[in-house]
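This briefing takes up the nonpolar cores, a sheet and the aromatic contacts of the structure shown below.

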Amino acid sequence: MLVILAILIALLAPSLVGYIQRANDKAIISECRNAVVATQTELSEAYAKTPGDYSADIPDTIKAAAIALSEMPGEIVNAQADAKHLLLHLTYTRGDKTVVYCRDYQTCTAAGHEELYNIIDGDSGSGDPDDNNTYDGNFTIDGNKFQANGQLDYFHNQTTTQGVYYYNGKYYYLRGGYWAGDNIETYLENNTSSRNNIVIDIDGPVQPFVQGSQLKVGSVYLHNGEYYAFTPDTNSFVPGSYDWLTIDSHPAWFYKLTPAN
C-alpha cells in the first residue's frame with residue numbers, strides 16, 4: 001500500500017506544483033494590475049497639479065500613494081511615465097516574485113517586455129494567465145489552438161481591427177473601431193448591448209451548427225470543419241427567433257476563428 005501511495009504522490013506532485021505555480025503567477029499579476037491602475041490615478045492627479053519629468057522614474061511619494069490606494073502587499077520598485085503622465089512601465093515586486101508592466105509591449109525593445117505583464121522571477125512564464133489559457137498570442141477551444149489579434153491595454157487608446165482580443169482573463173470578439181475613453185473596461189461595458197464586443201465562450205462545449213437550433217451569443221460552432229463564434233450585430237437577437245439563419249446566408253454574424261500556426 002505504501003508503495004502505491006508513493007507512486008501516486010510521485011505522479012501527482014508535478015501537476016500539483018504546476019497548479020500552485022500558476023495560481024501564484026495569477027495572484028502576483030493581479031496585484032501588479034491593481035498597482036498599475038492606482039499609479040495611473042496618482043499620476044493623473046499629479047499632472048493636473050504640477051506636471052513633471054518622470055521619464056526615468058516616478059517620485060517615491062507617488063509610488064507610496066499608489067501602493068496605499070491599491071492596498072497591495074508588495075512594492076513598486078520603479079516606474080516611468082511620458083510627458084502627459086501616462087504610465088509606460090512599472091515594476092512590482094512581492095517577496096521573490098517580480099512583475100513588469102509594459103504599456104507598449106508590442107513595440108518595446110526592452111529585454112523581457114514581451115507581454116502586457118511579464119513575470120521575471122526566473123521560474124515562471126510571462127503573460128497574463130487565466131485558469132485555462134495562458135496568453136501567448138493564441139487561445140484554446142475544444143483542444144484546438146486559434147490565433148488572437150492581441151491584448152487590450154487598460155489605459156492605452158487603441159485602434160482595433162475585427163478579431164479576437166484578450167483582456168483580464170477573457171477573450172473578446174471586437175468588430176473594430178477606435179475608442180478614446182479613459183480605459184478599456186469602460187469601452188467594453190458601454191458596447192456590450194450594441195454587440196460591438198462579445199465575450200467568446202472558450203470553455204463551453206463546441207456544437208455542430210444546425211439550422212434552426214437555439215444559438216447562443218458568444219458560443220462556438222463547428223461547420224464544415226471550421227470553427228465559428230456566433231457574433232450577431234444586433235442587440236435584438238432572441239434565441240429561436242432566427243430559425244432561418246445559416247452561416248452562408250448571414251456570414252457577418254459568424255466570425256471564423258483562425259487556427260494557430
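**Cores, sheet and aromatic pairs**

The largest nonpolar core has 27 residues, and those with the most contacts inside it are Cys32, Leu90, Tyr92, Tyr101 and Tyr117; such a core is a set of buried Ala, Val, Leu, Ile, Met, Phe, Trp, Tyr and Cys residues joined through side-chain atoms within 4.5 Å, where buried means under 20% relative accessible area with a 1.4 Å probe, protein chains only. This is a predicted model, in which local features need pLDDT of at least 70 and side-chain atom pairs count only at pLDDT 80 or more, while totals for chains, interfaces and linings use all residues. Residues are numbered from 1 along each chain as its sequence is written, and side-chain values use heavy atoms, with hydrogens and water left out.

- Another core, of 16 residues, lies apart from it and includes Val164 and Tyr173.

**Sheet**
- Four strands form an open, mixed sheet in the order S7-S9-S10-S12, with pairing requiring at least two DSSP bridges between two strands.
- Strands S10 and S12 run antiparallel and are joined by three bridges, and leucine 174 stands opposite asparagine 197 in S12.

**Aromatic pairs**
- The structure holds nine aromatic pairs, defined by ring centres of Phe, Tyr and Trp (its six-membered ring) within 6.5 Å, with planes under 30 degrees apart counted as stacked, over 60 as edge-to-face and the rest as tilted.
- The rings of phenylalanine 139 and tyrosine 171 have centres 5.1 Å apart and planes at 35 degrees, so the pair is tilted.
- Phenylalanine 139 and tyrosine 171 are both buried.

Note on methods. Buried means under 20% relative accessible area, exposed over 50%, partly exposed in between (1.4 Å probe, protein chains only). Helices (H or I, at least four residues) and strands (E, at least two) are DSSP runs, numbered from the N terminus.
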